[in-house]
Amino acid sequence: MATKSAGMANKGPSYGMSRQVQEKIDSKYDPELEQILVEWISRQCGSGVGRPEAGKMGFQAWLKDGCVLGELINSLFAGEKPVKKIQSSPMAFKQMEQISQFLNAAEKYGVTKTDMFQTVDLWEGKDLAAVQRTLSALGSLAVTKDEGTYNGDPNWFFKKAQENKRDFSDDQLKAGKNVIGLQMGSNKGASQEGMSYGRPRQIM
């Protein structure tokens, strides 16, 4: 247990502004979403990943070494698995590397950059709400893609909006170019006649 707290030991308590900022970030963490995410990850990956202690710190400890995240992203790919080697390690750089591999694979799967957490958000516990956001986006994508790899209740996540491609014929596109939008208005007959700009400047 000493090794887990060792990483946090050199980070003293926050005061003043940084403390307020951290409290605001912490307040965005959703305990109900945590339960849904834990349930989904457990179903998605099987009993091998175990379950965390309830609460933010338990959630962080469960995901911190990147192994559970690696199993999760691999379970969503039907063919070749993006994270080749999932191995528990006490070394910080190995854990961060595995988190980073998860993030790269999640982006490849379709999670947008704006929905991604940074490695330190999870590893140092700086923003676990961002971690939840990434995992929710991943769950939503899995439900939306409907590739047969999602294990869980589809109602846990929102379906993402799908691209609605439209194919117009050349004639339709040409006809559209001839329509002048009403918001463009007209400047026919416009001139500056009769406009006054105040008294001319007097030069002495």
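At a relative accessibility of 62%, D146 counts as exposed (over 50% relative accessible area; buried means under 20%, and partly exposed lies in between, with a 1.4 Å probe and protein chains only). The model is a predicted one, in which local features need pLDDT of at least 70 and side-chain atom pairs count only at pLDDT 80 or more, while totals for chains, interfaces and linings use all residues. Residues are numbered from 1 along each chain as its sequence is written, and side-chain values use heavy atoms, with hydrogens and water left out.

**View A. D146 in the loop between helix 8 and helix 9.** D146 belongs to the loop between helix 8 and helix 9 (170-177). The phi angle of D146 is near 50 degrees, a positive value in a residue other than glycine. Most residues other than glycine have a negative phi.

**View B. The whole chain.** The chain has nine helices and zero strands; helices (H or I, at least four residues) and strands (E, at least two) are DSSP runs, numbered from the N terminus. Of the 204 residues in the chain, 32% are buried. Contact means heavy atoms within 4.5 Å. Among contacts between residues at least 6 apart in sequence, 54% join residues at least 24 apart.

**View C. Helix 3 against helix 4.** The axes of helix 3 (residues 31-45) and helix 4 (residues 56-63) come within 11 Å and cross at roughly 30 degrees. Axes are lines fitted to C-alpha atoms, for helices over the stretch in contact, and angles run from 0 to 180 degrees between N-to-C directions. Helix 3 is therefore roughly parallel to helix 4; angles under 35 degrees count as roughly parallel, over 145 as roughly antiparallel, 65 to 115 as roughly perpendicular and the rest as oblique. The crossing of helix 3 with helix 4 is left-handed, a term for a near helix turned anticlockwise from the far one by less than a right angle. E34, L37, V38, I41 and S42 of helix 3 meet K56, F59 and W62 of helix 4. The residues of this contact divide into five nonpolar, one polar and two charged. Ala, Val, Leu, Ile, Met, Phe, Trp, Tyr, Cys and Pro count as nonpolar, Asp, Glu, Lys and Arg as charged, and the others, Gly among them, as polar.

**View D. Helix 3 against helix 8.** Helix 3 and helix 8 (residues 128-145) pack at about 50 degrees with their axes 11 Å apart, and the two helices are therefore oblique to each other. Helix 3 passes helix 8 in a left-handed crossing. On helix 3, L33, E34, L37, W40 and I41 meet Q132, L135, S136, L138 and G139 of helix 8. Six nonpolar, three polar and one charged residue make up this contact.

**View E. Helix 5 and its surroundings.** Seven of the nine residues of helix 5 (residues 67-75) are buried, so helix 5 is largely enclosed by the rest of the structure. The buried residues are C67, V68, L69, G70, L72, I73 and N74. They pack against helix 3, helix 4, helix 6, helix 7 and helix 8.

**View F. Aromatic pairs.** The structure holds six aromatic pairs, each with ring centres within 6.5 Å (Phe, Tyr and the six-membered ring of Trp). The ring centres of F102 and F117 lie 6.2 Å apart with planes at 20 degrees, so this pair is stacked; planes under 30 degrees apart count as stacked, over 60 as edge-to-face and the rest as tilted. F102 is in helix 6 (residues 92-109) and F117 in the loop between helix 6 and helix 7 (119-123), so the pair ties together parts 15 residues apart in sequence. F102 is buried at 0% relative accessibility, and F117 is buried at 2%. One aromatic cluster is formed by W40, Y150 and F157.
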